[in-house]
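The structure is shown first.

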Amino acid sequence: MLPRIDIFWKGLLPLVAIALTLSNLQISAEDAGALYNTPYDVSLGERYFERQCSRCHGFDAKGNDETGAPDLTGRLNRASNEVGIFNIIRNGVPGTAMLPVDADLPDTQVWQLVSYIESLRYDPNLVQLDGNADSGLALFQGKGDCSSCHMVRGRGGRLGPDLSRVGESTRPEDLMVAITDPHENVDPRWWTLEVTGRDGVTRSGFRMGEDSFSVRIMDNDSNLWSYQKNDIQSIDRVERSTMPSYDESMSENELDDLVAYLFSLRREEN
Amino acid sequence: MTRLFCKLFTTLIAAFISLGFAQEQEFETVMTPAFSPITWDRLVNAKDEPHNWLMYSGTLDAQRHSSLEEVNVDNVDELELKWAYQIPEIDRAETVPLVVDGIMFITEAPSNVVAVDARTGRQYWRYNHELPEDLRICCGRNNRGVAILGETLFMSTLDAHLVAIDARTGNLLWDVEVAKHDSGYSKTAAPLIVKDLVVTGIAGGEFGIRGFIDAYHADSGELAWRTYTIPGPGEFGNDTWSDDSWKTGGSATWITGAYDPDLNLIYWGTGNPGPDWNGDVRLGDNLYSDSALALNGDTGEIDWYFQFTPHDVHDWDAIQVPILADLIIEGEDRRVMMWANRNAFFYSIDAADGQFLKASPFATQTWAQGLDANGRPVRVPGMAPTYEGIMVSPPITGGTNWYSPGFSPDTGLFYVTAFDGEQIFFKRDEDYEEGERYTGGGGRYDQPMDAFQSWIRAIDPTTTETIWEFPIMPRSSAGITTTSGGLLFSGTADGYFFALDAQTGQELWNISLGRRVHAAPITYEVDGEQYVSIASGNVVYTFGLDN
């Protein structure tokens, strides 16, 4: 069921030859970028990352709110290119827990780390999908009735995540899983809470926020409700998604089209 | 005669004027609180001056209990903000301030300390410790507090130094290098004063260090003794490490211990063996990792030890604060060391000789079938990390961790912040390189964090049964303080500070401070008014009643 995706972002074999040719040259951060970016380099970078970086950034590099380490798999706030990433690794970020790597660590190894981080942030333009994004848009608005729950660029419903930039943060294979098996990996923000207040009235809604002492929900009419936990009779969590599966109701081609459309949703360039 | 009378009159006038001036000076002194030197006797009897918070855990027995009762179960819901102190360097604050006669000493990330008026939060002085750029720290730029003796503060620094600072001015008195920071050593914990010695631990368990506990002479900074937490060749326990693995076995000591003046024993926990998750390269029990050590207060010699998790492969440090109390267990009066361990078991141990008394799980655990008669775990087979990964409870952060538990002599209950969670543990093959991380694997969650749950749990240490529990959001890392006002204060991962009834666990008061609480509360009194302080995010908040 998963779409056949030819991802060329790791297919940089032609550069291997260049890298081998230049491997005896001293590369500095002022150069154009990583020459150490073969699959082998990426794997060495990954090993270094697991050992030295994962304690703060996580083994999946998705960051950690406890340590304050940012997600490295999406858009980076402090670096816009490989040289920027290199400089952060080499110099650290002053005034934060992001310390510089050991001064004795060879540039080669820093570049391998850069290549690994870059591999997490693949270029979507190099991804080729089977589906047609225009057909997917028609399905989104028509047969799928997706827009009754999801907003895209200010239009649509409020009963699911805003998808205006979903293609920036989600890989096509994960989009397919979300459509065909929506109960897999439900973000706690989209769990349903059933809260019975002191007045005996039960309200059901999306889990906008829950903490140790209070909870906030939005019901299906978009009403926002806030409760103190010590002032309610009961609270039940439903950790399933409210979204239906499209596994049966759409053909394989239609699912591919829908994924292609969703993957095309990213920040509009001016 | 007349001349003599005039001279006497003039002298009296002068004396009167000078007396008046002196009285005015005294008045000024009252306006600016002054502290008298903190002697060893004052530290031993810290319970008798509850208006002060004189050491990391409040008292040498580390109970974190204050006999103050102005704020109590009947009025705690009237607490209001008195002041907030914003730490200028943005990082997370794990500081536990000290309060000495109206002056509060707050440590800040990365390794700074500031003295403020405890009634207003306004600054007297600041000490900024200069740090090198090539620090080796595993888990953030933290500092948990200072110790005080006489008029001198003692602080650990991230570059593995111990510094002595004049408590009246912030001037640096001495600065000693405890270990080489570029080899992976660092220091984050508040030292503990024992007589005229500054007892202090070391961090770096993720960098293949060899752990130790040091004592320095308070006046000079000269090393008095060092006790390695991994025995060297020829010493008892060295054969619990295969090959040369003892040299890089970790067993760090990065939290503050306790002391018993009658037994003259220092109690201190040790961290994980290294590498954390790959035990293949360090076969054996790996003494004294994951242990409680009882050290002679004068010489540092190990009097007894109790190893909670022999040959640990899950990073379950015994880096917790030991709490001491007199208890009756099965009809016998004992001095007891209470310990809620990261491995999810709570232990009551005889503080005099280390005899195992009782234990029970206080958080979800799947790794042990139970403990034998000596307290040694009977393991569930197949729970060691694999290359592919295996699900185990508790997760790496444990059933609890470094954050302080509390004990109330009023209720007889031990209180701990507990976490019911699970994690996939996996191992990797790594070679040791000096100054580089040496962990051999890691762990990952396979559910969103909100699917788990943390708790404040109250345990009867005479039976080790959990008496009550109060739910809070997952991965809370706040410490606990109790008072004779019948209160338990703590914080949450989602930025609350709250009070429970220490007897029943009933919620009495909470306030949202907006950012995670990583620290433990303290309480103190100035001019007859009780205050409660807690660090949240990068701010130290202080509350009191509206008097």
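## Model and numbering

This is a predicted model, in which local features need pLDDT of at least 70, side-chain atom pairs count only at pLDDT 80 or more, and totals for chains, interfaces and linings use all residues. Residues are numbered from 1 along each chain as its sequence is written, while chains are lettered from A and ligands numbered from 1 in the order in which they are written.

## B:Pro521

B:Pro521 sits in the loop between strand 35 (507-512) and strand 36 (522-526) of chain B; strands are DSSP runs of E with at least two residues, numbered from the N terminus. B:Pro521 counts as buried because it has 31 C-beta neighbours inside 10 Å. The cut-off for buried is 20 or more other C-beta atoms within 10 Å, with C-beta atoms placed from the backbone.

Apart from neighbours within four places in sequence, the contacts of B:Pro521 are B:Gly479, B:Thr481, B:Phe489, B:Ser490, B:Val532, B:Ser533 and B:Ile534. A contact means C-beta atoms, placed from the backbone, within 7 Å. B:Leu43 is 478 residues from B:Pro521 along the chain, and their C-alpha atoms are 19 Å apart.

## Domains of chain B

Chain B is assigned domain 1 (255-463 + 472-477) and domain 2 (480-547), with bounds from an automatic or database domain assignment. Their C-alpha centres are separated by 26 Å.

Between the two, 18 residues of domain 1 of chain B contact 15 residues of domain 2 of chain B. On the domain 1 side, strand 26 (406-408), strand 27 (413-420) and strand 30 (453-460) of chain B each supply at least two residues. Strand 27 of chain B gives the most, with 3 residues.

How values were computed:
Helix = DSSP H or I, 4+ residues; strand = E, 2+ residues; numbered from the N terminus. Buried ≥ 20, exposed ≤ 12 C-beta atoms within 10 Å, placed from the backbone.
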